[in-house]
Amino acid sequence: MAVLSEEQEMLRNMARDWATNESPVSEFRKVRAAGQPQAYNVAAYAAMAEMGWAGIIIPEVLGGSDFGFMSAGLVVEELGKTLTASPLVATTIAASAILLGGSDEQKAKWLPRLASGETVATLAVDEGAHCDPSAIETSVAGGKLTGQKAFVHEAHGANLFVVAAKDGLYLVEKGDGVSLTTRKLTDQRSHADVSFDGAAAEKLEGGSDSLLDDVLDRARVLSAAEMLGMAQAVFDTTLDYLKQRVQFNQVLATFQALQHRMADLFADLAQMRSAVEAGLQAVDSGFGVARAATIAKAEANRVLHAISNQGIQLHGGIGMTDEFNVGFYLKRARVLEASWGSSSYLKDRFARLSGY
């Protein structure tokens, strides 16, 4: 496990207490039942922003706390444990794009609003069913952006889109020239296809030539942090269930075959944690980010897929009923596994980064 500073431990504990007490899975059930397009509790997100979570990676002079990605990952992990629905990850990713590529004017305009929770932002990259940054057709002419983006996370609640075009990343405000078509995915969160038809766009001129890849790597490590929290929650829930469920006059946890399964999952979970924390630390240090982020997301995909499957199997058929929470984690897992690169895409990317 990563060695945390005193401030980071306090931040993690605060996030854990808040998620446990103020945003348990029952709150996600309420959000789901409300059926609102943004699919999150606006008051809850305002509380997160008030606690400073929306500005964790943003410099202090621009309204944030500048605690870095490891600290952001600690918060996201705790929220993942309770399936808290919020645009925190999407907004943090968008903030990272502005930090990496924005001008001083763009940073001064948008980052304080993101840190305060006044503005919600999201990243719009993919144009098809799979992650493929090389296949972007969105274009800009005369400051007007035109194109289609698929499966945009938190699109309904977003006021600002960071949009990938052929020649770079652009900031587009929701309004004229921007229209949404809701996508109903299995996790019951906000997803939409977004159409840009001559929308006013402002380019992020700074950053490296690999700005889009740099932003996607940050999206991968933050998503992996959420997945880590989910995997931990499914493991703990399943273990507790095995310790109390009785069949054939025996507690399930006493069966050696099931003990072996849980031992394997425990080892996988430890390996996943190591990969995710390494990815977060790489972003903060600026060293080896592409490889570390690719490994972090690939391991998150592999382990959460296995743990969510086993969680259902070890609960039995009742695990997929609405009465039990464990099925919600599997549904959210499948969406996150496909986000910012599937396992096959990430393996291929790692091979390219390694010179193969």
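Visitor: What makes β1 and strand β4 a pair, and do they run parallel or antiparallel?

Guide: This is a predicted model. Two strands pair when at least two bridges are found between them. Four bridges join β1 to β4, residues 160-165, and the two run parallel. Among the partners, A124 bridges to V163 in β4, and L123 bridges to V162.

Visitor: Why are β1 and β8 called edge strands?

Guide: The open sheet has four strands in the order β1-β4-β5-β8, with mixed pairing. β1 (121-124) and β8 (202-203) each pair on one side only, and they are the edge strands.

Visitor: Which strands does helix α5 touch?

Guide: Helix α5, residues 88-101, packs on the sheet and touches β1, β4 and β5 (168-173). Its direction makes about 75° with that of β1. Helix α6, residues 104-116, lies across β1, β4, β5 and β8. α6 runs at about 60° to β5.

Visitor: How do you know which residues of β1 are buried on each face?

Guide: Buried means under 20% relative accessible area. A121 and L123 on one side are buried, as are T122 and A124 on the other. Both faces of β1 are therefore covered. In a regular strand the side chains alternate between the two faces of the sheet.

Visitor: What makes β2 and β3 an antiparallel pair?

Guide: Three bridges join strand β2 (residues 139-141) to strand β3 (residues 144-153), and the strands run antiparallel. The cut-off is at least two bridges, so the pair qualifies. S139 has T146 as its bridge partner in β3. The hairpin has two residues between the strands, and G142 takes a positive phi near 60°.

Visitor: How many bridges link β3 and strand β7?

Guide: Eight bridges link β3 to β7 (residues 191-200), in the antiparallel sense. K144, for instance, has A200 as its bridge partner in β7.

Visitor: How do you know that the length of helix α4 agrees with its residue count?

Guide: Take 1.5 Å a residue: the 14 residues of α4 (residues 68-81) should span 20 Å. The end C-alpha atoms are 21 Å apart, which agrees. α4 is also mostly covered, with 13 of its 14 residues buried. L83 follows α4, and its phi is positive, near 55°.

Visitor: Why is α7 said to be largely enclosed?

Guide: 26 of the 34 residues of α7 are buried, so the rest of the structure largely encloses this helix. α7 reaches 50 Å from its first C-alpha to its last, close to the 50 Å expected.

Visitor: How many cavities of 30 Å³ or more are there?

Guide: The structure holds four. About 220 Å³ of space lies in the largest cavity. The largest cavity is lined by 20 residues, and V89, A90, R189, E226 and R332 are the closest to its centre.

Visitor: Which element gives the most to the lining of the largest cavity?

Guide: α5 does, with four residues. α4, α5, β1, α7 (211-244) and α10 (326-338) each supply at least two residues of that lining.

Visitor: Why does M14 count as partly exposed?

Guide: Buried is under 20% and exposed is over 50%. M14 has 33% relative accessibility, so it counts as partly exposed. M14 lies in helix α1, residues 6-22. Leaving aside neighbours within four places in sequence, M14 is in contact with M51 and W53.

Visitor: How far apart are M14 and N301?

Guide: They are 287 residues apart in sequence and 27 Å apart in space, C-alpha to C-alpha.

Note on methods:
Residues numbered from 1 in each chain as written. Predicted model: local features only at pLDDT ≥ 70, side-chain atom pairs only at ≥ 80, totals over all residues. Heavy atoms only, no water. Contact = heavy atoms within 4.5 Å. Axes fitted to C-alpha atoms, helices over the stretch in contact; angles between N-to-C directions. Expected span 1.5 Å × (residues − 1). Buried < 20%, exposed > 50% of the residue type's maximum accessible area, 1.4 Å probe, protein only. 1 Å grid on protein atoms, 1.4 Å probe; cavity = no way out; pocket = protein on both sides within 12 Å on 5 of 7 lines; lining within 4 Å. Points joined across faces, edges and corners; volume = space filled by probe spheres on them.
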